[in-house]
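Good morning, and thank you for making time on the agenda. I would ask you to keep the structure on the screen in view while I go through selected features.

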Amino acid sequence: MPPTVHKLLLHSSSISNKLPLPIGVYSEDALESLNKQLAEVKSKNERTNPSILENNITETMADKIAELEDRSRRNNLRINGIDESGNKSWNDCENKVKELLLTKLEIKDNFVIVIKRAHRVGKKDESENNKKHRTTVVKFLNYKDKTAILDKYIKMKFWNDRLFINEDFCERTSRLRKKLFTDAKDLRQKASNLMSVMFTDDTNLFLSDNSITTLFRDMNMELTKISDWMSTECHETCFDISEQHHKLVFLKLPLLKKDKFLCDTTLVVGRKKIYAHKILLACSVPYFYSMFNHDVVESRQNVITLKDLDPESVESIIDFVYTSKIVITQRNVQAILQVATMFQINLIQEKCCDFLESQLHPSNGLGIYLFAELYGCSKLKSRAKTYCNWHFSDVVREDEFLNLSLEQVKWFLNQDELCVRSETEVFNAAIRWVSQNSQQRKKDLQYLLPLVRFNFLPKSFLSLQLETNDLIMDDEFSLKLLFDALNDIEVKQLVATKRKPIGNNVVFYMGGYNRKSFASYGYFNPETETWFKLGDMCSPRSGAGCVSLGGLIYMVGGRTNSLQGKSDSNSVECYDPYSQEWKNIASLNSSRHRLGVAAVDGVIYAFGGSDGMVHLNTVEKYDSEKNLWEPAPSMNTPRIGVGGTVLNGVIYAVGGFDSENRLQTVESYMVGESSWKFLASLNTPRSGAGVTSMNGHVYAVGGYNGVAQLNSVERYCPYENRWTNISSMNERRSALSVAVVRNKLFAFGGYDGERFLDSVEVYDPDNGEWQLLNPMPDARSGAGVAVCIAPII
């Protein structure tokens with residue numbers, strides 16, 4: 001305790017007797033009198049000196065401008081300590097911020113944060129000795145993302161790493177905050193170093209008002225310290241009963257509203273009157289907080305009229321303020337979301353968006369997208385868009401699509417992310433929309449047909465439209481467009497980008513054999529070299545044909561091997577990676593296992609294989625519109641264990657076994673022709689080889705030559721009609737599976753003559769080398785693989 005206060009406590013009676021006025025007069029009344037005098041002097045100066053009044057107005061305006069600028073920076077953070085090397089654009093700056101959030105702050109992928117803008121502040125110092133990095137200002141889409149990041153930074157304490165994250169204020173506010181920090185520091189210093197004044201009982205002491213005020217303030221501080229010490233010594237305990245208290249208060253609030261007790265405002269919505277308490281509305285609803293906190297007419301009224309809102313939804317949200325509960329249904333979700341958006345209640349907005357997302361269906365996907373766009377629900381808008389793109393073929397069959405405006409249809413059909421089995425679906429969607437009201441919409445064909453990517457349409461399809469489609473034949477522009485497209489396809493002059501649905505390119509693996517047939521399936525992510533098990537197919541199968549078409553994966557035929565025996569299958573299963581659901585579709589006309597499959601122009605071809613007794617040369621094709629398998633021209637040679645692929649619209653059947661010999665022969669089929677033709681033979685006979693196409697070549701990988709499993713690889717050039725040996729794999733494999741992702745060739749599993757393999761290899765054509773990767777979850781041969789998009793939902 002400072003000596004001054006100690007002496008004062010000991011000699012307070014003598015001090016008070018020697019004062020010219022009682023202490024209370026000096027410490028309270030005298031101060032009040034001085035304040036009044038000061039106010040009168042200021043008022044007089046303002047009347048005599050207009051510049052003082054003008055300065056006050058200027059200060060007020062400056063405060064308002066600072067407040068507005070701070071509001072505009074509400075979603076901003078200033079980050080110091082981000083490395084500036086390689087930072088050449090806003091995108092580079094944004095990527096560095098994302099890397100910081102992921103690595104330092106450990107923001108996970110499922111915590112979606114949207115950065116609107118990120119940039120450095122000030123001019124870059126190009127000197128060699130400069131090691132200081134400029135401040136990065138980041139603007140986030142959502143305020144809650146900014147606060148979450150700031151809270152996490154404070155909890156993780158990165159000050160020792162020279163990483164500083166602070167809120168972003170305008171210059172005036174920053175200056176005021178800096179002054180407040182300095183003043184607070186000085187006050188703390190003064191509080192800990194009170195001046196010591198020594199005096200005795202017979203000392204004549206005169207204290208001014210300011211001295212007495214300061215002295216008693218210091219004394220109060222010391223008395224507080226003594227009180228705190230006594231509390232500690234007495235071992236008093238502070239009980240946290242906030243949860244119980246909150247519960248009791250919230251239980252009474254609905255009763256107060258129901259009885260209209262102490263209600264000081266009435267909301268009028270249509271014919272409905274809703275009674276409420278201003279203080280609770282201001283605490284819970286940002287809309288009302290802004291209303292009551294500013295000098296607007298409604299802030300001074302007890303009756304507030306809300307126009308163009310659903311009364312029931314407003315009442316539901318006000319009830320939520322009192323009870324923390326709200327019921328969201330298909331009937332009220334849009335109206336509640338509209339009111340919640342106006343009231344700026346983010347929690348209800350999020351719940352409404354989650355509910356709408358759970359209700360996404362081909363019949364309402366576009367409507368939910370447009371609704372989310374209208375009310376600025378960015379996450380729901382993105383999910384609805386992705387859903388509609390992935391379910392394009394179903395969405396365009398619904399009435400909602402037919403009710404879109406021309407601009408909306410143009411936007412939808414022009415997206416790169418559409419998941420279509422064939423570009424014919426886009427063409428048919430445009431024709432269907434126009435046919436809904438052909439008299440009014442026929443003129444819009446000139447805007448819609450150019451959005452179709454004609455170089456991915458079969459020539460036969462275009463020819464059929466020119467012969468049978470009345471809308472096309474009656475429109476001069478459309479006729480010319482299709483004739484030109486047909487001619488350009490003939491000479492291969494049409495150039496267009498293939499549509500690319502949003503998601504990760506992964507390799508799905510399905511079924512296979514290791515002492516028994518598997519039903520399990522999953523996928524492999526080549527970027528991370530990670531495997532994911534997803535579940536089981538409808539039935540176990542090995543030696544099936546596997547092909548991807550229009551975002552769906554088809555498992556065709558195959559054989560089921562079990563302890564009870566083996567049986568060849570003609571069944572076909574279809575898998576949707578988006579919904580992760582399997583369904584059975586039309587069966588093949590013949591059972592087939594170890595067959596070849598390929599997809600061209602939206603049609604799946606199944607060729608060769610065995611029905612359990614006969615090795616087949618027959619071919620079938622699947623029409624998804626009719627859900628029907630139809631005969632197609634047969635191959636020249638029966639082939640089991642045949643490899644199939646497509647290159648430049650041509651189907652290739654490579655190698656195989658004809659019941660007597662392992663085959664070197666290769667056949668090809670051009671869609672629309674009546675027969676298959678032989679090409680240059682392989683350098684080595686192969687059955688059970690992995691066959692695929694990449695960079696304008698056909699690859700035959702591994703297989704069995706009748707004597708041993710192979711690790712050799714051949715590549716076919718269509719222009720030279722010749723097979724060339726390239727680098728061999730690290731391991732011998734037959735009945736392997738192959739796939740191409742991002743110009744790299746992957747080989748999965750198989751059989752090496754002694755054991756079933758779980759190993760994986762990848763071939764890089766840039767360096768001509770094979771490299772071993774992380775193995776499969778379990779060893780298997782004869783698995784079906786297909787490259788498809790794993791959607792980001």
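This is a predicted model: local features need pLDDT of at least 70, side-chain atom pairs count only at pLDDT 80 or more; totals for chains, interfaces and linings use all residues.

In which sense do strand β19 and strand β20 pair, and over how many bridges? Strand β19, residues 619–623, and strand β20, residues 628–632, pair in the antiparallel sense, and five bridges hold that pairing. The two strands form a hairpin with four residues between them. Within this pairing, Asp-623 has Leu-628 in β20 as its bridge partner. The turn contains Asn-627, which has a positive phi of about 50°.

The chain has 793 residues, and buried residues make up 42% of them. Its secondary structure comes to 25 helices and 33 strands. If we take the contacts with a separation of 6 or more, 58% are between residues 24 or more positions apart. The accessible surface of the chain is about 43900 Å², and carbon and sulfur atoms contribute 50% of that area.

Strand β5, residues 265–269, runs antiparallel to β6, and five bridges join the two.

The next item concerns helix packing. Two packed helices are described by the angle between their axes and the distance between the axes. For helix α14 (residues 346–358) and helix α16 (residues 378–390), the angle is about 5° and the axes are 9 Å apart. Because of that angle, α14 counts as roughly parallel to α16. On the α14 side, the residues that meet α16 are Cys-353, Asp-354, Leu-356 and Glu-357. Their counterparts in α16 are Lys-379, Leu-380 and Arg-383.

I come now to charged pairs. Side chains of opposite charge can pair when their charged atoms come close. How many salt bridges does the structure hold? There are 31 salt bridges, and I shall describe some of them.

One is formed by Arg-71 with Glu-67, where the closest N and O atoms are 3.8 Å apart. Both residues lie in helix α4 (residues 50–72), and they are four residues apart, about one turn of the helix. Arg-71 counts as partly exposed, at 48% relative accessibility. Glu-67 is also partly exposed, with a relative accessible area of 33%.

Another joins Arg-453 and Asp-416, with 2.5 Å between the closest N and O atoms. Arg-453 sits in the loop between α22 (445–448) and α23 (459–468), and Asp-416 in the loop between α19 (406–413) and α20 (424–435), so the pair ties together parts that are 37 residues apart in sequence. Is Arg-453 buried or exposed? Arg-453 is buried, because its relative accessible area is 10%, under the 20% cut-off. Asp-416, by contrast, is partly exposed, with a relative accessible area of 36%.

In a further salt bridge, Arg-559 pairs with Asp-568, and the closest N and O atoms are 2.8 Å apart. Both of these residues are buried. Finally on this topic, a network of salt bridges links Glu-731, Arg-733, Asp-752, Arg-755 and Glu-761.

My last item is backbone geometry. Most residues other than glycine have a negative phi. Arg-594 is a residue other than glycine with a positive phi, near 55°. Arg-594 is placed in the loop between β16 (581–585) and β17 (596–600), and it is partly exposed, with a relative accessible area of 32%. Ser-659 likewise has a positive phi, about 90°, although it is not a glycine. Ser-659 is found in the loop between β22 (650–654) and β23 (666–670). At 45% relative accessibility, Ser-659 counts as partly exposed.

That concludes the presentation, and I thank you for your attention.

Definitions and conventions: Residues are numbered from 1 along each chain as its sequence is written. Side-chain values use heavy atoms; hydrogens and water are left out. Buried means under 20% relative accessible area, exposed over 50%, partly exposed in between (1.4 Å probe, protein chains only). Contact means heavy atoms within 4.5 Å. Accessible areas come from the Shrake-Rupley method with a 1.4 Å probe; for residues, only the protein chains shown count as cover. A salt bridge is a side-chain nitrogen of Lys or Arg within 4 Å of a carboxyl oxygen of Asp or Glu. Two strands pair if DSSP finds at least two bridges between them. Axes are lines fitted to C-alpha atoms, for helices over the stretch in contact, and angles run from 0 to 180 degrees between N-to-C directions. Angles under 35 degrees count as roughly parallel, over 145 as roughly antiparallel, 65 to 115 as roughly perpendicular and the rest as oblique.
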